[in-house]
Amino acid sequence: MGNPGNLRAHVFNFETIYQRLLDDGGVTMVGGADELSRCLLPLFSDAGERQASGQRALSVVNKNKGALDRVVDGIIERV
């Protein structure tokens with residue numbers, strides 16, 4: 001089972017994966033405490049949406065497992 005995520009905008013080290021999570025609805029980008037509470041309240045009150053968001057996040061993670069190994073293998077092949 002996956003977990004839904006709510007993140008601040010400081011994800012520059014992980015831009016690619018966070019963009020994929022955003023695109024697939026597995027994470028929500030928040031700007032501060034007020035926005036965080038507005039995003040969390042529906043997740044607390046709606047188990048179906050909480051589970052769906054978590055599954056979307058898990059799906060992105062599963063689709064990207066081994067990505068670093070594939071990148072390194074591609075670099076090694078070209079060297």
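The model is predicted. Mean pLDDT over the chain is 83, and 87% of the residues reach 70 or more. Helix α3 has the highest mean, at 90. Strand β1, residues 5-7, has the lowest, at 57. Where pLDDT is low, predicted coordinates should not be read in detail.

The chain contains four helices and two strands. From the N terminus, these elements follow the order β-α-β-α-α-α. The chain has 79 residues, of which 22% count as buried. Contacts between residues at least 6 apart in sequence were also examined by separation. Of these, 49% join residues at least 24 apart.

Helices α2 and α3 form a contacting pair. Helix α2 spans residues 33-45, and helix α3 spans residues 47-63. Their axes come within 5 Å. The crossing angle is roughly 110°. This value falls in the range of 65 to 115 degrees, so α2 and α3 are roughly perpendicular to each other. On the α2 side, the contact involves Leu43, Phe44 and Ser45. On the α3 side, Ala47, Glu49 and Arg50 take part. By class, three residues of this contact are nonpolar, one is polar and two are charged.

Ser53 also lies in helix α3. Its relative accessibility is 7%. Buried means under 20%, so Ser53 counts as buried. Val27 lies 26 residues away from Ser53 along the chain.

Asn64 belongs to the loop between α3 and α4. Helix α4 covers residues 67-78. With a relative accessible area of 17%, Asn64 is under the 20% limit and therefore buried. The side chain of Asn64 reaches back to the backbone oxygen of Val60, at 2.7 Å. Asn64 also has contacts beyond its neighbours within four places in sequence. These partners are Ile17, Arg20 and Arg70.

Ser53 is the helical position, in α3, and has a relative accessibility of 7%. Asn64 is the loop position, between α3 and α4, and has a relative accessible area of 17%.

Notes: Residues numbered from 1 in each chain as written. Predicted model: local features only at pLDDT ≥ 70, side-chain atom pairs only at ≥ 80, totals over all residues. Heavy atoms only, no water. Axes fitted to C-alpha atoms, helices over the stretch in contact; angles between N-to-C directions. Parallel < 35°, antiparallel > 145°, perpendicular 65-115°, else oblique. Contact = heavy atoms within 4.5 Å. Nonpolar A, V, L, I, M, F, W, Y, C, P; charged D, E, K, R; others polar. Buried < 20%, exposed > 50% of the residue type's maximum accessible area, 1.4 Å probe, protein only. pLDDT = per-residue confidence, 0-100. Polar contact = N/O pair within 3.5 Å; in protein donor to acceptor, adjacent residues only side chain to side chain.
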